[in-house]
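Work through the exercises below with the sequence and the model open. Each task is followed by a solution in steps.

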Amino acid sequence: MPSKFTIAPLALAALLCAPFAALAQEQSVKIGVTGPLSGANAFAGKDNENGVRLAIEELNTQKIKVAGKLLRFELQSEDDAGDPKQGVTVAQKLVDGGVKFVLGPYNSGVAIPASRVYNDAGALMSTVGTNPKITQSGYKGVFRIVASDSQVGGAMANYAARDLKLKNVGVIDDRTAFGTGIATEFKRQAQTAGLKVAGHEFTNDKASDFAAILTALRAKKVDAIFFGGYAPQAAPMVRQMKALGLNVPLLGGDTLCSPEMAKLGGAAVGENVRCAQAGAIIAKQPAGPAFLVKYKERFKREPDVYAPSFYDQTMFVAQAMKAANSLDPAKVAQQLRLLSHQGVVGTYGYDDKGNLKKTAVTVYTFKNGALAPLASY
């Protein structure tokens, strides 16, 4: 007579197979991140990666199912060093590894050539690159998750004319795709607003000595300078402006709206710096304060410029996967254009070119080393 604890062979087989059956119903989804994890802008690349990481960790607790399978999101982060050539290599590595959803690149100059690689592989790319060319390719899987240069440059031009009541401005750009793009848009829209652009000088994204171009603009008696470039150059630039007695505001785009600007510039960075950043004031958004608390608890630091946007877009991509009931990037991209998503820095919804339908732009300054909002457009 068999023991009451004896398990029939078929029942035993079923029990042994159960864990494997559960695993078979789990679907791994790789989320790629590409940005500068080395070099002068590594602080921004790591911040962007943190935004995606926080979203993925939350998504994995939500037990999301698509086509009957439980999704398990995995992060694959790659360093493109802010270099177009390395960015293309990284893009190819990601798609060769089966990554179909990519957050990044950070730099416009990387995003433009990398977008072709992702498009050819049928992958979906979500970038904070602001150069208008990024979404002029017609690629259906490319999304710009922040305002473009025309929106940011235009907001700063309007602020310079209406609020600061400037008359005579100088422009400097670092000849990167981002710097040239935003400087060109500021210049164009500043002239439309009635400002005179007294001079347009050039530098590069590795420079640290700006004495010659600042002296040239000082001679033209400019009452502000707009810089199209990044914080690692803007910080020494503003220090050198003070040393030369060029006591006028330094204006810029989102890349100057960074804690790194105050960290590198020290006492030279204050209310003399004005920058325009895509998105509403996060602390005043319904979910903004909670995000700021979560981010600081997880990473032991405040978020920089784009961590909230990368977090929001990762969540929106997951929402689109559920709506499509598919992991096909083309179907997910279609849903991103049909749906809207309430994120921590605003509402996301995309037009046919992959640009945000609506986005706020906020102008900030620095007070006691921290960003302080001045106006929203």
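**Exercise 1.** How many cavities of 30 Å³ or more does the structure hold?

Solution. The structure holds two cavities of 30 Å³ or more. On a 1 Å grid over the protein atoms alone, a cavity is a set of points where a 1.4 Å probe fits but cannot get out, and lining residues have an atom within 4 Å of a point. Grid points are joined across faces, edges and corners, and a volume is the space filled by probe spheres set on the points.

The model is predicted: local features need pLDDT of at least 70 and side-chain atom pairs pLDDT 80 or more, while totals for chains, interfaces and linings use all residues. Residues are numbered from 1 along each chain as its sequence is written, and side-chain values use heavy atoms, without hydrogens and water.

**Exercise 2.** Describe the largest cavity and sort its lining by class.

Solution. Step 1: the largest cavity contains about 70 Å³ of space. Step 2: its lining includes Tyr106, Val128, Phe178, Asp254 and Tyr306. Step 3: the lining divides into five nonpolar, five polar and one charged residues. Here Ala, Val, Leu, Ile, Met, Phe, Trp, Tyr, Cys and Pro count as nonpolar, Asp, Glu, Lys and Arg as charged, and the others, Gly among them, as polar.

**Exercise 3.** Which element gives the largest share of the lining of the second largest cavity?

Solution. Step 1: this cavity has about 30 Å³ of space. Step 2: Val33, Thr34, Gly35, Leu37, Gly45, Asn48, Ser77 and Glu78 line it. Step 3: β1 (26-35), α2 (42-59) and β3 (69-79) supply at least two lining residues each. Helices (H or I, at least four residues) and strands (E, at least two) are DSSP runs, numbered from the N terminus. Step 4: β1 gives the largest share, three residues. By class, the lining has two nonpolar, five polar and one charged residues.

Note on methods. On a 1 Å grid over the protein atoms alone, a cavity is a set of points where a 1.4 Å probe fits but cannot get out, and a pocket is an open set with protein on both sides within 12 Å along at least five of seven lines; lining residues have an atom within 4 Å of a point.
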